[in-house]
Amino acid sequence: MDSDTVLKVDELSTHYLTSDGEVFALDDASFELKRGGSIGIAGESGCGKSTLAFSLLNQVQPPGEIMSGSINLDGIEVTNLSEKEARRKIRWKKVSMVFQGAMEIMTPVYSVGHQMKEPLKYHKDITGEEARKICEKYLELVNLEPGIFDRYPHELSGGQKQRVIIATALLLEPDIVILDEPTTALDVVVEARIMNDLKRLRRELDISMIFITHDLSILAEVSDELAIMYAGWIVEFGDANKIYKDPKHPYTEKLMAAIPDIRTDIDRLEYIPGVPPNLVNPPSGCRFHPRCHKAMEVCREMEPKTHNVEGVKVKCHLYSEDESIAESREATYETAYEDEMAAEAYEGEKGTEEVEDGLEEAEVMEE
Amino acid sequence: MPKPLFKARNLTKHFEITQGFFQKLRFKEKQYVKAVDGIDFDIYWKQNFSVVGESGCGKTTIGKLMMRLLEETEGDMWMKGKNITEIKTREQLKAYRRQTQIIYQDPFSALDPRHRVRTILEEPLDIHDLGDTREERTDMIMEALEEVRLTPPEKFLRRYPHMISGGQKQRVSLARAMILNPDFIVADEPVSMLDVSVRAEVLNLMKDLIDEEDVTYFYITHDISTTRFFTDYIGVMYLGDLVEKGKVGDVLDNPSHPYTQALLVAVPEADPERVRGEKKVPISGEIPSGTNIPSGCRFHPRCPHAEQICSEKEPEPREVEKEHTAKCHFAGEIDFDLDVAK
């Protein structure tokens, strides 16, 4: 691993071993994060994006388990660390995370400062006075009054709370900050200002960021590279500008088209028919084939390889150079895209109860 | 101009803040949250009207007033020429609710988890005494399910809400409203809890129903980017007042109130080359509480263009172009540049 790369994830798989069977929440995820760079991870709910984030911290909750693969974080192999080591060596110090719904994670009974100081006291041998100074410095960095240190969470607005959480994540000067839906619950004006702050912090502190969200328009603002996830797979990964301009994977294509445009009048929005699959029993071959508008015969039978298309990694048979796959192109079968009725029938074949149980599970996992 | 389907004039809702015993003893002046503060709007047949604004601006309260779930403090509303604020008896209210239905934001909690889809959809029929026999009702329910593209309907009848996906749940909510063949639906953030791909599907469906079922929507949302596609008219709400309203294209292309301009700058766009730099969000601070609304123009403390007059005199709606007004002393004079710095 060269010194420019701060994080290298290789064929990472995290599954949940539930009583209904193994949930393939994350499979074969590979990517690299450059020092000072940023990656945006996008996908529908239940696609495994939060599972990926928890895996990076080695903090997957049972029944979840990292099954295989490696996470190399600045020379440390994260998957080998015990809980205690992970806590001491990487969390907060190397990687910190701003959680989804951060506004509710502060305890109402302690002051903001008391909660902010905690990671500092755990990792550093410093006095309360010193800790206070550091906290105040970071509060100012996120555009808050240092006086907030003595306030209680209920005295702050949603935007202020979110800023406190971001400041706390920066306290130990981590290399990477993971932000899981950092602005979902906020109003647009507040959201825009927090995004501004994040852009500035990234520049000033030279930290790497991983943004996780379902909102592709937010990611456009902050990510150098983009990872599109579907049903536990990273289906497309590469330079964000390239992907936004010319999405390669059929899923990305549709996802981009589903974003309403505020500048032009449109008559209909694009959407992806059907529902994401049950990850206990994912579709054979390509996991997206039942909903894909470009599905081929081979997609049902064979898992696609990741192909390099103009510098973007795409997990799709469309870009295969293999002749046998090319030959299969003409053959087609009914997919959800051609007819929504067919989607229903497809679901019916698989046993509806099963499909739905899995759906639910995926939702539970996301939470 | 045709007659409006729904008309509101000087619609006002003030919530009294409960005072403690001692505050009452001291004869402290009563305090009010001015959630909706004297607004006017017209909604025409099959011309959707959307209200956008930040949380706490009072947009949900309007929806509840329109449904008569709340009693207005002042003002009048007319539905098809009938003054609905004069509704007194249960029967009148019931008749009104047959014409006007509501869909809520959270499909996960709007449906009773212990009822099957069939029971959920049968309830409005029960209340309004529709359908004589069980078979007749089943037919009506199946028809409603087909309307919202939950096909084949037999498959959904016996399911519980937890057995269907989020988008499907929201479509069941929609079916529950549509089963009474209403003229008017108040949709309170109907898609904000759904994934982008599903969101588009539900909005498309709702739009199709305008022509298929002759229905008109009052669309409440914080997401200004969906309004252009879904609605014809838009009202931008700030602290209990509609500060700008007009045809959706006119308002979004030529925003004339500084607040609307700020909202449009802030809205995220999926175009990395345009939005990579820091945005010049022109306004600071957060929305103040509805208990003490600033004097003069209610937006002046946060407004980048505020002058002396703004804190003294409340602006009248100023016509910027046909059917497009903004409540700002300088409407039409402020240059607007959407482009982002750096």
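Me: Is the crossing of α5(B) and α8(B) left-handed or right-handed?

Reply: In this predicted model, the axes of α5(B) and helix α8 (residues 166-178) of chain B come within 8 Å. They cross at roughly 30°. The hand of the crossing of α5(B) and α8(B) is right-handed.

Me: How are α5(B) and α8(B) oriented to each other, roughly parallel or roughly antiparallel?

Reply: The axes of α5(B) and α8(B) cross at roughly 30°. Angles under 35 degrees count as roughly parallel. The orientation of α5(B) to α8(B) is therefore roughly parallel.

Me: How many charged residues has the contact of α5(B) with α8(B)?

Reply: From α5(B), the contact is made by Val117(B), Ile120(B), Leu121(B) and Pro124(B). From α8(B) come Val172(B), Ala175(B) and Arg176(B). By class there are six nonpolar residues and no polar ones, and the number of charged residues is one.

Me: What is the orientation of α5(B) and α6(B) to each other?

Reply: Helix α5 (residues 117-127) of chain B and helix α6 (residues 134-147) of chain B have axes that come within 10 Å. These axes cross at roughly 110°, and the crossing is right-handed. Because angles of 65 to 115 degrees count as roughly perpendicular, the orientation of α5(B) and α6(B) is roughly perpendicular.

Me: How many residues of the contact of α5(B) with α6(B) are nonpolar?

Reply: On the side of α5(B), the contact is made by Arg118(B), Leu121(B), Glu122(B) and Leu125(B). On the side of α6(B), Arg137(B), Met140(B), Ile141(B) and Ala144(B) take part. Three of the residues are charged and none is polar, while the number of nonpolar residues is five.

Me: Which residue does a cis peptide bond join to Pro63(A)?

Reply: Pro63(A) is found in the loop between α1 (49-56) and β4 (64-73) of chain A. The omega of the cis bond is about 10°. The residue joined to Pro63(A) is Pro62(A).

Me: What radius of gyration has chain B?

Reply: Chain B has 14 helices and twelve strands, and its C-alpha trace spans about 70 × 60 × 45 Å along its principal axes. For 342 residues, a compact globule would have a radius of gyration near 20 Å. The value for chain B agrees with this and is 22 Å.

Me: Which helix gives the most to the side of chain A that touches chain B?

Reply: The contact takes 44 residues from chain A and 39 residues from chain B. Helices that each supply at least two residues of the side of chain A include α6 (188-205), α12 (340-349) and α13 (352-366). By class, this side has 22 nonpolar, seven polar and 15 charged residues. With nine residues, the helix that gives the most is α6(A).

Me: Over which residues of chain A does pLDDT stay under 50?

Reply: The mean pLDDT of chain A is 85, and 87% of its residues reach 70 or more. Where pLDDT is low, the predicted coordinates should not be read in detail. In chain A, pLDDT stays under 50 over residues 341-367.

Conventions
Residues numbered from 1 in each chain as written. Chains lettered and ligands numbered in written order. Predicted model: local features only at pLDDT ≥ 70, side-chain atom pairs only at ≥ 80, totals over all residues. pLDDT = per-residue confidence, 0-100. Contact = placed C-beta atoms within 7 Å. Axes fitted to C-alpha atoms, helices over the stretch in contact; angles between N-to-C directions. Helix = DSSP H or I, 4+ residues; strand = E, 2+ residues; numbered from the N terminus. Parallel < 35°, antiparallel > 145°, perpendicular 65-115°, else oblique. Left-handed = near helix turned anticlockwise from the far one by under 90°. Nonpolar A, V, L, I, M, F, W, Y, C, P; charged D, E, K, R; others polar. Rg over C-alpha atoms; globule rule 2.2 N^0.38 Å.
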